[in-house]
Amino acid sequence: MAFKKPNVYVVPHHLQKPWKEQHPILCLDEFEEFKLRRNEFTHDFFSALRSYGQRGMSIITTSQKPLSELTEQGDSSSPFYNTFPITKLGVFSNEDAKDFVNLKRPGIEPFTPKERSEILKLANRHPLALNVACFHVLESKRSNESLIVAMQRAEDDMHAHLPGWGKGR
Amino acid sequence: MKSYLLWLLRQLYLIYFCPTRFEREIESLHIHGARSRLSYSFRYFVKMLPWIVVLSAVGIIINWLCFEGFGLTSEWKWPVVAKGVAEGVAASVVLGVAAGVAFGVTASVGVGVAVPFVFWFVYFRLLTYPLDTMLSAIAYFMGRWRQDILAQAWRICPVSWNEVIWLPLPFVSKLLVLMTQRNREESFRQIAFVTAERRLQRSAALKALLKITINDLHAESVSELSNITEKLSWTIDAPIDLPVELNTSLPRFERIAQHVEQYHTLNGMYRKSEALKHAIDEIEALQKSLITIHRKFAPDILRAANEWRRLLEEEHEQIRIYVDSSKEIPNPFIFGNPVTETEYNVFTGRKDIVIQIEESVLGAIQLPMLLLHGPRRMGKTSILNQLPRLLGPDFAPAVLDCQDPAVTGSLTTLLEYVSKAISIGLLRRRVAVQQLTHTELEHEPFSIFNKWLDSVEQIMPPNMRALLCLDEYERLKYALDEGWGRKFLDYLRHTFQYRSHVVIMFCGSHTFEELGPEWTDRFISARRIRVSFLTQNEVLPLLTKPIPEFDMTYTQEALEAIYCATNGQPFLTQAVAFELVQFLNQQHRKNAEIDDVEKAITHALVSGGEYFANVWYDAGEDGQAILRAVVKDDIPPDFPSARTRLREQDILNNNGEFIVPMVKRWVKKKTQ
């Protein structure tokens, strides 16, 4: 995806009318990708985005690093990043983790108390680990394997996803 | 032979019941089969000839039987016919003359009535209409009786096999609606079929669709309302164009459903109540528009809207009890984007700035240029957003965001944008001017723009001044780099200083001296207005009563702690206040104490991290070295220009100390 100058200008002006009634929210996932494509996403692009942000469009970005480290500091006008409050995402709260495991999913048999407890123990409130553990428990149920096998697979998967997984626990 | 007979029967069926389909089939055969239209038509006629002969024979026999039945002659010989005709004509003439005036009028009237009556009766198939109605009713009641035979019932309904039913057929729309309960997809397929193939019964399809929509809009509880968006998703590619009243109402219903969905997702009672309030506002607007619209289906839609409103208001009434009893504090504080004109409650102070602008402009013989400057995140853009409210009606502020790509695109896009900004600014003061278009500015843009400005000044009331605010004006450097920016700055310099109704105000974090001779050469005489910290008296009302329903209280120490930590820096004040409300809501408390403020500051140091990063970057390497030394109580290195810059940016005071303790804390953490 590359924006040329005229597109950056034309598209949001075209959208301005609805902005009066609705509140557009632009979600930019994996913001680091912009840094890798600096030739395409120049200072003009970010300057334009900042301008639309000031005009009523909300922008939500997700990244591992703060935006000030991912965008060029640019010129003497205000930088893109300095309007963004930072929200640091951590693991789920205990309640959220329990809700995740207890959630009724259509067509899927609920987890037993033992399964729930093992999933929560392994995942330690980590969203990805919760997903992985739930997945393996369901798979093991389908293939009549034990819960221990499922947990072992989940643990292996997590090590593959996050090499430092489990350290310090 | 059998296939030929079947073909013949099918042709007859198509000719009588589905003429347009017959026509299409003939056309398609002609396109794909025969060499020429004439030859194909001839071949088709030959193929149909036996059938035509048989039909004619049957007709003659029926005629003969009729005549026999009435005791009339059955001598069907040509001379006899000719004689009969001749006698008939002669008799008619004689009778006509004889009857003359006596019967002329009566006969004419009789014929005049009878012929159209017969024509209408035959052409519009009125003869078979009662039968069609009966079949339609049977089909509907069959479907109602047993839903598993709905498909068979639909096949009985004449609309499914007869294209030529001119009069509206009852029970068709009801049957289609009934089908949705059993098989939604099949029902939509049949509605699409009726729309496309049974044009005479299209209204039945439309009526069915409206009824389905109304049924989908029906909800027993507020929780059901949030599912409406999904239920109505079919309307996006509905099998038929929906009526205007429905097309305009559905997006609103969806928006209301989304508000309700948000209501269910939110945790805080205050926010939940707000979401419901938005939904009620929206439904009220919808009701008003439906009351005024004079369209066929508007009353049906209005009934659904009334039902929604009743559910929403009942729910809102219940939630209000919880809101009143809950400890939740509304959080109006904003940090990030500038405060908009409508959020004026959380804008405070700056009266001194307004007075300086007014005094610079009002009463001046020659209008000055202004420069509103100050450190980043000090609230400059928020001030610009509030100017229409703060300045009197004699000012028409027009804000131009120089970070908008139009500014650096080309001279044409820039002047078009300036023209648009001025037009919008004037329109707020009820002065309507037509903005310049891109095409108009393509040739000799300055000349065209000047003429336009002349006309604008003539339209403006004599005492009115348009205040053209160039926010983030430093961005014009890109236009300078492109080459055409100099012409624009020269134009600003030479043209606007002689204008009596338009004032230019640059707005940025730099002075012209800091940007170099390109700017000082042109705008050295601009009057400077500096934006800096809010005073304690300005901060207090912002913290204690930002909006009427704000019911958080502070201890005196807590209030002082906020002011001390931020020194009235607007961004940080809002950030700490925001975090404080969030924290107290988590704690289900309403009174802020000094420990809570400390927690809020700790959070704000993280959430406002990009502001501090910006301060750090702007300081440059030399400035950062100074800040590092100051935070460690070392002797700072001797970098005079960096020190000056830090002072101008309100980071250090004249004694070389941090002005804002929160900045000091952040730098300390950064340099550890």
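Residues are numbered from 1 along each chain as its sequence is written, with chains lettered from A and ligands numbered from 1 in the order in which they are written. In this predicted model, local features need pLDDT of at least 70 and side-chain atom pairs count only at pLDDT 80 or more, while totals for chains, interfaces and linings use all residues.

**View 1. Strand E3 of chain B and its two partner strands.** Helices (H or I, at least four residues) and strands (E, at least two) are DSSP runs, numbered from the N terminus. E3(B) spans residues 465-471, and seven of its seven residues are buried (20 or more other C-beta atoms within 10 Å of the residue's own; exposed is 12 or fewer, partly exposed in between; C-beta atoms are placed from the backbone). One side carries B:Arg465, B:Leu467, B:Cys469 and B:Asp471. The other carries B:Ala466, B:Leu468 and B:Leu470. In a regular strand, side chains alternate between the two faces of the sheet. Strand E2(B), residues 395-401, pairs with E3(B) in the parallel sense over seven bridges (pairing needs at least two DSSP bridges). Here B:Ala396 stands opposite B:Ala466. Strand E4(B), residues 502-508, also pairs with E3(B) in the parallel sense, over six bridges. B:Leu468 has B:Ile504 as its bridge partner in E4(B).

**View 2. B:Glu557 in helix H26 of chain B.** The helix covers residues 556-566. B:Glu557 counts as partly exposed because it has 14 C-beta neighbours inside 10 Å. Its C-alpha atom is 9.4 Å from that of B:Ala592, 35 residues apart along the chain.

**View 3. Packing of helices H5 and H8 of chain B.** H5(B) (129-145) and H8(B) (172-182) pack at about 25°, with axes 9 Å apart (axes are lines fitted to C-alpha atoms over the stretch in contact; angles run from 0 to 180 degrees between N-to-C directions). The two helices are therefore roughly parallel (angles under 35 degrees). B:Ser136, B:Ala139, B:Tyr140, B:Gly143 and B:Arg144 in H5(B) meet B:Val172, B:Lys174, B:Leu175 and B:Leu178 in H8(B) (contact: C-beta atoms, placed from the backbone, within 7 Å). The contact residues divide into five nonpolar, two polar and two charged (nonpolar: Ala, Val, Leu, Ile, Met, Phe, Trp, Tyr, Cys and Pro; charged: Asp, Glu, Lys and Arg; polar: the others, Gly among them).

**View 4. The side of chain B that touches chain A.** Here 33 residues of chain B contact 27 residues of chain A. H29(B) gives the most to chain B's side, with six residues. That side divides into ten nonpolar, 14 polar and nine charged residues.

Methods
Angles under 35 degrees count as roughly parallel, over 145 as roughly antiparallel, 65 to 115 as roughly perpendicular and the rest as oblique. Two residues are in contact if their C-beta atoms, placed from the backbone, lie within 7 Å.
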